[in-house]
Amino acid sequence: MSIAIIFGANGGIGQEFVKQALERHAVVYACSRPAADIADDITLPNIKPMDNGLQSVQLNVLDEEHLKQLAEHVSSQYGHVDLIVNATGILHDSNGLQPEKKIEDFNLENFNKVFQINTASTALIAKYFISLLKKSESMPSVFASLSARVGSIGDNHLGGWYSYRASKAALNQIVKTLSIEAVRRNKNTAVIALHPGTTDTNLSKPFQQNVKPEKLFSSHYSVSKMFQIIDNLFIEDNGKFFAWDGSTIEW
Ligand SMILES: NC(=O)c1ccc[n+]([C@@H]2O[C@H](COP(=O)([O-])OP(=O)(O)OC[C@H]3O[C@@H](n4cnc5c(N)ncnc54)[C@H](OP(=O)(O)O)[C@@H]3O)[C@@H](O)[C@H]2O)c1
């Protein structure tokens, strides 16, 4: 049975990943932050079976106990995972966190928050789930993390956005390092980073005014393009950073 787990499942891109994963996998765990009123519930992760193989999971991606419990649940139910996607990410929030225009805007608390969500989340997910990736003989099992082109150091021509850029550059290093370890443990694995293109979600909303309409993608379009990449991965693609159109981006 084919199993997928999507983290950040309530986000613009994450929700669409869940929908399109359900077209491909028998069981899809859609993992989102718990509602504020049950945030301290020690029974988390709260796993609720829905229709058509959808399993709704309330989980904090930065809480190791939640990740451990979900991994134990998946392991006991199915023994493996075919696809893991981390679509968690932050660029701004309602508490005043904004991408820096200049270095004087840098704020240590915001930097730490951005790094926890954008960078550490992937390492924590990998810590608990990498050993569950299916050892398939044909298709590689896939661990994909949503990065961003602005995380490429070689591609940085504009500057600004120190914390977000740095968090995605560090995420890319985690993905690359994980790809080396993962393939030693399971040769039919592809660990990749994905750039979705500028996609119309809450994350990009405040920064869309200078984006040409044809360069602003719907979540449906960008996730369809990213699934085209995922569906056609070879083990040789392990450790690559892909843009939505299938081209590779320098780390
Ligand atoms: N949209 C774009 O143009 C664009 C471009 C390049 C890269 N990306 C990347 O694509 C990924 C998905 O972004 P999106 O556009 O779908 O953004 P989004 O709609 O804002 O969703 C991001 C999700 O991240 C999780 N998240 C946000 N703040 C969090 C926090 N404080 N603690 C824990 N989880 C938190 C939430 O998932 P839950 O509510 O489900 O927990 C949230 O829904 C991100 O990694 C982003 O950097 C997006």
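Gln77 lies in helix H2, which spans residues 64-77. Helices here are DSSP runs of H or I, at least four residues long, numbered from the N terminus. The model is predicted: local features need pLDDT of at least 70, side-chain atom pairs count only at pLDDT 80 or more, and totals for chains, interfaces and linings use all residues. Residues are numbered from 1 along each chain as its sequence is written, and side-chain values use heavy atoms, with hydrogens and water left out.

Gln77 is partly exposed, at 48% relative accessibility. Buried means under 20% relative accessible area, exposed over 50%, and partly exposed in between (1.4 Å probe, protein chains only). The C-alpha atoms of Gln77 and Ser179 are 26 Å apart. Along the chain, 102 residues separate the two.

Side chains of opposite charge can pair when their charged atoms come close. A salt bridge places a side-chain nitrogen of Lys or Arg within 4 Å of a carboxyl oxygen of Asp or Glu. The count by this rule is 11.

One of these joins Glu64 to Lys127, at 2.8 Å from N to O. This pair links distant parts of the chain: Glu64 sits in helix H2 and Lys127 in helix H3 (residues 108-129), 63 residues apart. Glu64 is partly exposed at 31%, whereas Lys127 is exposed at 52%.

Asp237 pairs with Lys240 at 3.1 Å, N to O. Asp237 is buried, at 12%. Lys240 is partly exposed, at 30%. Elsewhere, salt bridges with shared partners join Glu23, Arg24 and Asp231 into one network. Within it, Arg24 and Glu23 meet at 3.9 Å, N to O.

Terms used
Helix = DSSP H or I, 4+ residues; strand = E, 2+ residues; numbered from the N terminus.
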